[in-house]
Amino acid sequence: LLEILKVGHFDRVGICLDTAILVLALVWEQQEIDADVAAADAMDERERRHPLVHRAAGVIAGLFLLYAAGVVAIRPLYLRWGSTPEERLATLPGDDLAPNAHYRVDHAITIHAPASAVWPWIVQLGQDRGGFYSYAWLERLIGDDVHNADRIHPEWQQLQAGDFVRATQPGYLGGKFGDPGWWVVDVIPDRALILRNWGAFVVEPLDATSSRLIVRTRGPGSPSVQGLLLGPFSVFVFEPAHFIMQREMLRGIRDRAERVAGS
């Protein structure tokens, strides 16, 4: 899903086109509303309800326009949430999968625990394993049977290239979306887990008692019809939702690792 919805430099044309069309539609809608309100002055109370419906539609469209403008304004911030300029420029494991990436997302967090205390939580990611340490109630709300682990499970500590990390249970929504998940590209113990179409989970030690966890997603972002059509959906729907869930996942891993390290 991440691979399908990636938006690069060239695909922003689709976002601009959609925004321009939305603005024109709102201008036209406002003219229609004004005309309806003027005509409604001669109607009785029952006939006045119709313009109110149009006005409500205009308000909804206006709110969406405000939301879209807000997303465009803060998008650069949440695409690099928590990361430093040095980290964004640094070469990390998994970068070779998209050497000339135009689409880039870097999320990071400081964890007051050694890398060895952070890694076990990462390696047991998965719907049928330790979960994703995010808002599991939201995931279950859409039918994804995810339960977050609050302890390290020895039986889930083995992961290698070619393994499959499930996003949902088998047969999710009647199998209409196939078998959602990510294939493991590489595992560098205590250092990095690289999942195809998601990205790299990299643990960077700061000292003996603290570390940085970076989740990096890279994609070519090359121009395509698919990117042009799906780009607006990715920017206005998928990316904000993904950020909210991934930010909570990083915080969930941090809290668990710090609790274990401090016990």
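User: Which residues have the most contacts inside the largest nonpolar core?

Analyst: This is a predicted model, in which local features need pLDDT of at least 70 and side-chain atom pairs count only at pLDDT 80 or more, while totals for chains, interfaces and linings use all residues. Residues are numbered from 1 along each chain as its sequence is written, and side-chain values use heavy atoms, with hydrogens and water left out. A nonpolar core is a set of buried (under 20% relative accessible area, 1.4 Å probe, protein chains only) Ala, Val, Leu, Ile, Met, Phe, Trp, Tyr and Cys residues joined through side-chain atoms within 4.5 Å. The largest has 31 residues, and those with the most contacts inside it are Ile-122, Leu-193, Phe-201 and Ile-253.

User: Which residues does Ile-122 contact, leaving aside neighbours within four places in sequence?

Analyst: Contact means heavy atoms within 4.5 Å. With those sequence neighbours set aside, the partners of Ile-122 are Leu-193, Phe-201, Val-203, Leu-213 and Ile-253.

User: Which side chain of opposite charge is nearest to Glu-248, and how far away is it?

Analyst: Lys and Arg count as positive and Asp and Glu as negative, whereas His and the chain ends are not counted. Glu-248 lies in helix α7, helices being DSSP runs (H or I, at least four residues) numbered from the N terminus. Glu-248 is buried yet has no salt bridge, a term for a side-chain nitrogen of Lys or Arg within 4 Å of a carboxyl oxygen of Asp or Glu. The nearest side chain of opposite charge belongs to Arg-251, at 4.0 Å.

User: Is Leu-141 buried or exposed?

Analyst: Leu-141 is placed in helix α6, residues 136-141. Exposed stands for over 50% relative accessible area, and because Leu-141 has 64%, this residue is exposed.

Note on methods:
Helices (H or I, at least four residues) and strands (E, at least two) are DSSP runs, numbered from the N terminus.
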